Amino acid sequence: MSFDTGGLDPMQVADGVDALTWPKERFDHRGHLAAGAWWCHVHGPSALDHARAAIRRFNEANGGENTDTAGYHETLTIYYLAAVADLVADEIPDRAWFEDNADDESLERNAPLRHWSEAVLMSTLARTAWVTPDSRDLPASIQAHVDQLC
């Protein structure tokens, strides 16, 4: 299977991650966001269950580990799924949608650090379970999606 090397298509990324055929080097921050957008669209409130299993399985299939210090991170996954769900709403997250929304400030790589201290966000507890922000509350619309996901 060949993959487009241009803009990311959320369905293509999610399907590739689910099938364990997506290139490991392309499952970076933007790849996670693209897959998450599709999973939110397809799975709605159960997107977290799907993402949790898919990311862990993908990590392991590519030689990674899911431990207290590496791999899957529960708090970050919930935050970004909620942020992307807030943007997806009732839209279909295709390539054009992703290009229009991927640079939203809520999806930036460092966006969680607006709400959590680095010490809390990088803790074992935050990696293994949802931890509420300790620095600043999430925007109400994102918090509503967190509440739906959890």
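**Figure 1. Surroundings of Glu74 in the predicted model.** Glu74 is located in helix 4, which spans residues 74-88, and the model shown here and in the following views is predicted. With a relative accessibility of 7%, Glu74 counts as buried, because the limit for a buried residue is a relative accessible area under 20%. When neighbours within four places in sequence are left aside, the contacts of Glu74 include Leu48 and Arg52.

**Figure 2. Ala83 and its contacts.** Ala83 also belongs to helix 4. Ala83 is buried, its relative accessible area being 1%. Residues up to four places away in sequence not being counted, Ala83 touches Ser106, Leu107 and Ile142. Of these, Ile142 is one of the buried residues of helix 8. A separation of 9.5 Å is found between the C-alpha atoms of Ala83 and Leu33, two residues that are 50 residues apart along the chain.

Figure 3. Helix 8 comprises residues 140-149, and its residues Ile142, His145, Val146 and Leu149 are buried. These four lie on the same side of helix 8, because they cover an arc of only 105° around the axis. In an α-helix there are 3.6 residues a turn, so residues three or four places apart point the same way. Ala140, Asp147 and Gln148 are exposed on the other side of helix 8. Helix 3 and helix 4 are among the elements that cover the buried residues of helix 8.

**Figure 4. The buried face of helix 1.** Within helix 1, which runs over residues 10-18, the buried residues include Pro10, Val13 and Ala14. Gly16 and Val17 are buried in this helix as well. Seen down the axis, the buried residues of helix 1 fall within an arc of 165°, so they line one face of the helix. Their cover includes helix 2, helix 3 and helix 5 (95-101).

**Figure 5. Lining of the largest pocket.** The largest pocket holds about 580 Å³ of space. Its lining consists of 26 residues, and those nearest the centre are His29, His32, His73, Leu76 and Tyr80. Two or more lining residues come from each of helix 2 (29-43), helix 3 (47-61), helix 4 (74-88) and helix 6 (118-121). By type, the lining contains 14 nonpolar, eight polar and four charged residues.

**Figure 6. Two loop residues with positive phi.** Most residues other than glycine have a negative phi. Leu20, which is not a glycine, has a positive phi of about 65°. Leu20 is placed in the loop between helix 1 and helix 2, and its relative accessibility of 36% makes it partly exposed. Ala89, likewise a residue other than glycine, has a positive phi near 50°. The loop between helix 4 and helix 5 contains Ala89, and at 56% relative accessibility this residue counts as exposed.

**Figure 7. Confidence along the chain.** The mean pLDDT of the chain is 94. A pLDDT of 70 or more is reached by 96% of the residues. Over residues 1-5, the pLDDT is below 50. This stretch has 11 contacts in the model beyond near neighbours in sequence.

Methods:
Residues are numbered from 1 along each chain as its sequence is written. This is a predicted model: local features need pLDDT of at least 70, side-chain atom pairs count only at pLDDT 80 or more; totals for chains, interfaces and linings use all residues. Side-chain values use heavy atoms; hydrogens and water are left out. On a 1 Å grid over the protein atoms alone, a cavity is a set of points where a 1.4 Å probe fits but cannot get out, and a pocket is an open set with protein on both sides within 12 Å along at least five of seven lines; lining residues have an atom within 4 Å of a point. Grid points are joined across faces, edges and corners, and a volume is the space filled by probe spheres set on the points. Ala, Val, Leu, Ile, Met, Phe, Trp, Tyr, Cys and Pro count as nonpolar, Asp, Glu, Lys and Arg as charged, and the others, Gly among them, as polar. pLDDT is the predictor's confidence in each residue, from 0 to 100. Contact means heavy atoms within 4.5 Å. Buried means under 20% relative accessible area, exposed over 50%, partly exposed in between (1.4 Å probe, protein chains only). The arc is that of the directions from the helix axis to the C-beta atoms.
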